[in-house]
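Visitor: Hi, I have a structure open and would like to talk through a few spots in it. Can you walk me through them?

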Amino acid sequence: MIYLGLGLIIFLGVHSVRIVADGWRTRIIAHTGPLPWKGVYALVSIAGFVLLVWGYGQARYESAVLYNPPQFMRHVAGLLMLVSLVLVAAAYVPRNHIKAALGHPMFAGIKLWAFAHLLSNGRLADVLLFGTFLAWAVAGFIVSRKRDRAAGTVYPAGNGLRTLLTVIAGVGAWAVLVSGLHLWLIGVSPFV
């Protein structure tokens, strides 16, 4: 659990800089330039992610069971993941209706991903991993929306074709995950 906790601190810590210290981040980028910032950011993120994945892999079978979700929650989680992946796709497809409405669909997708996994996993390692991501995504969404309001940020209106592409991308990613990628990567089949 130590490596999982350390990975969460490093990975979400670096991803929280904009949430908790946006002014400091802006000053550092102005001083060093964007490329060195992105380089350090990427290296620290990768290190945190590797620790997080490795730590979770070790802890998930050894940690205490806090609750036993009913089997049908896997199906609920799988369906919520469909929506989650569409939201994540909306963060990357420009000028779609979902991004225009939410502003920060990545945070919304991560919130739904974490919630879905909390519904279907009840070990301490699961609650630590997904609960921490859920709290982080809630905080990030709130701070980002507040920053948008203060800056008067208006997201471009979406169009139907780009929204359709967003949905297709999210559904496609979901189909790849449920058809075997999740089992191969994580060792768990979402609907079995």
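Predicted model: local features only at pLDDT ≥ 70, side-chain atom pairs only at ≥ 80, totals over all residues.

Visitor: Let's start with helices. How do the axes of α5 and α7 cross?

Guide: The axes of helix α5 (residues 72–90) and α7 come within 8 Å and cross at roughly 170°. An angle over 145 degrees counts as roughly antiparallel, so α5 is roughly antiparallel to α7.

Visitor: Which residues make that contact?

Guide: On the α5 side, they include Met73, Arg74, Ala77, Leu80 and Met81. On the α7 side, Leu112, Trp113, Ala116, His117 and Ser120 are among them.

Visitor: And how do the residues of that contact divide into nonpolar, polar and charged?

Guide: The contact of α5 with α7 has 17 nonpolar residues, four polar ones and one charged.

Visitor: Nice. Zooming in on His117, is it buried or exposed?

Guide: His117 is in helix α7, and it counts as buried because its relative accessibility is 13%, where the cut-off for buried is under 20%.

Visitor: What does its side chain reach?

Guide: The His117 side chain reaches the backbone oxygen of Trp113 at 2.8 Å.

Visitor: Leaving out residues up to four places away in sequence, what does His117 touch?

Guide: With those left out, His117 touches Met81, Phe130 and His182. Met81 is also one of the α5 residues in the contact with α7.

Visitor: What about Ser120, where does it sit?

Guide: Ser120 lies in helix α7, which covers residues 105–120. Ser120 counts as buried too, because its relative accessibility is 17%.

Visitor: Switching topic: how do α1 and α8 cross?

Guide: Helix α1 (residues 2–14) and helix α8 (residues 124–151) have axes that come within 11 Å and cross at roughly 15°. Angles under 35 degrees count as roughly parallel, so α1 is roughly parallel to α8.

Visitor: Is that crossing left-handed or right-handed?

Guide: The crossing of α1 and α8 is right-handed.

Visitor: Who makes the contact there?

Guide: From α1 come Leu4, Leu8, Phe11 and Leu12, and from α8 come Ala125, Leu128, Leu129, Thr132, Phe133 and Trp136. These divide into nine nonpolar residues, one polar and no charged.

Visitor: What joins the side chains of Trp136 and Ser16?

Guide: They are joined by a polar contact of 3.0 Å. Trp136 and Ser16 are 120 residues apart along the chain, and their C-alpha atoms are separated by 8.0 Å.

Visitor: What else does Trp136 touch?

Guide: Not counting residues up to four places away in sequence, Trp136 touches Leu12, His15, Ile19, Phe107 and Ile110 as well as Ser16.

Visitor: Last one: what is the phi of Arg95?

Guide: The phi of Arg95 is near 55°, which is a positive value in a residue other than glycine.

Visitor: Where is Arg95, and is it buried, exposed or partly exposed?

Guide: Arg95 is in the loop between α5 and α6 (97–102). With a relative accessible area of 44%, Arg95 is partly exposed.

Note on methods:
Residues numbered from 1 in each chain as written. Heavy atoms only, no water. Helix = DSSP H or I, 4+ residues; strand = E, 2+ residues; numbered from the N terminus. Buried < 20%, exposed > 50% of the residue type's maximum accessible area, 1.4 Å probe, protein only. Polar contact = N/O pair within 3.5 Å; in protein donor to acceptor, adjacent residues only side chain to side chain. Contact = heavy atoms within 4.5 Å. Axes fitted to C-alpha atoms, helices over the stretch in contact; angles between N-to-C directions. Parallel < 35°, antiparallel > 145°, perpendicular 65-115°, else oblique. Left-handed = near helix turned anticlockwise from the far one by under 90°. Nonpolar A, V, L, I, M, F, W, Y, C, P; charged D, E, K, R; others polar.
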